[in-house]
Amino acid sequence: QVLCPECCVFIHLTKVTGNLDDCACDVETINAFNNDLLYPKLQTLLESDYFRLYKVNLNKPCPFWTDHSHCGVRDCAVKPCSPYSAEANEQLDECEKAEHLGAVDVSLSEETREAVLDWSKHDDEAERFCVVDDEESPDAQYVDLLLNPERYTGYKGPEAWQIWNSIYEENCFKPYTVPRPLNPATFYSSTGNEGERTFYSWLEGQCVEKRAFYRLVSGLHASISVHLSARYLLGDNWFERKWGPNASEFQQRFDSELTKGEGPKRLRNLYFLYLIELRALAKALPFFQQASFQLYTGQLEQDQKHKEQLLDILQLARSFPLHFDETALFAGDREEAAKLKEDIRLSFLNISKIMDCVGCFKCRLWGKLQTQGLGTALKVLFSERQIEALPKSRTGWPTFQLSRQEIVALLNAFGRVSTSIKELQNFRSLLSEQQ
């Protein structure tokens, strides 16, 4: 096993090459493994009934600040606009467009609704070690993820920036005196480059765990940005909406010159996130191998088939030759390590709560799913002893448990990161054609 606590990649916008620091793994290895082997199998599994339905409460109020974007109204994703001028009318059009793009399709067939009731009964009879707030809420409802793909919604500007600003400034252990790169307050100032040097000097001075935490958050941010660029609204008229890759949008977010060198760092962190979640899937294999575990939908043959597909994917994940080694984390003094782990857990919990402040319902849906998926991955990584102690029989008391909600989030969150790696290949080809 290879130590790789802070794997970095050297990335150009149109060409991703180079070794990962501290390990023998290179980017080409990850790209080939994901794009050619893992990605196709994973996408097929995520289309199954078990993984396409996610239970979520989209009506929880923001616990940190007063939300002015009317996120409590089902189909509204942006601030209301005043139609008293030509400029305001133009803004109203944008509001209506973003409102529609941000709406969540919650329609389910009657057959599916009846099946879901049976699923809930089955899950309630299982031993549950983790209660997810959204699952127990009377306002929670199942959403079909295939009907609500993650893509551009028009949600941007101060409201969107406030979400990420709160995540980075208040939950990544960074003091306010250290400006973060591309902060609007410093990006165009003469001290912008100095601020960037200050930030990375501070980051490298942190312990490996805090650096890893920041890079996971940044990697998640980068992954979401890739999705929005890859499924952008290219055309909208009375007849159809056209979605596709927007190379210009991608460059605005990741081009080295346009982002003062920050874009490639974001992509490094995306690969770091990929390795963390891939490692979690590999570590979770014994849990899913239990004879008592089912991907229960009531269709026995399909359920068994999908479990076999899942195990095949997890075996493939385990076969990746150059995994991240999580034992490098929290390896110091026991008391200090325990406190640090709890600090990181609380910070991540806080980030998951911030998702209830997202003013676009579709963005909120995918934000909640991906943060829960990453949280589940971290839970798996630091439960190795409990997973190894799992009983081999159906009658033994489980030492580790994942709820249906956590399982769906774990696989779909990794599916999003896997898709991001695949989309990078598509953008490389697209940008090469434009040169």
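Predicted model: local features only at pLDDT ≥ 70, side-chain atom pairs only at ≥ 80, totals over all residues.

Student: How many disulfides does the structure hold?

Tutor: A disulfide is a pair of cysteine sulfur atoms within 2.5 Å. There is 1 here, and it joins Cys62 to Cys357 with an S to S distance of 1.9 Å. The torsion about that S-S bond is about 75 degrees, so the disulfide is right-handed.

Student: Where do Cys62 and Cys357 lie?

Tutor: Helices (H or I, at least four residues) and strands (E, at least two) are DSSP runs, numbered from the N terminus. Cys62 sits in the loop between strand 1 (53-56) and helix 3 (86-102), and Cys357 in the loop between helix 14 and helix 15, so the pair ties together parts that are 295 residues apart in sequence.

Student: Are Cys62 and Cys357 buried or exposed?

Tutor: Buried means under 20% relative accessible area, exposed over 50%, and partly exposed in between (1.4 Å probe, protein chains only). Both Cys62 and Cys357 are buried. Cys172 has a relative accessible area of 2%, so that one counts as buried too.

Student: Which residues carry UniProt's "active site" feature?

Tutor: UniProt positions use the numbering here, feature names are shortened, and annotations may be inferred rather than shown by experiment. The record, an unreviewed entry, puts "active site" at Cys360 and Cys363. Cys360 is in the loop between helix 14 (334-354) and helix 15 (361-381), and is buried because its relative accessibility is 0%. Cys363 is in helix 15 and, at 23%, is partly exposed.

Student: What does Cys363 touch?

Tutor: Contact means heavy atoms within 4.5 Å. Leaving out residues up to four places away in sequence, Cys363 touches Thr153, Tyr155 and Val358.

Student: How far does helix 9 reach?

Tutor: The expected span of a helix is 1.5 Å times one less than its number of residues. Helix 9 (residues 208-230) has 23 residues and reaches 32 Å from its first C-alpha to its last, close to the expected 33 Å.

Technical notes. Residues numbered from 1 in each chain as written. Heavy atoms only, no water.
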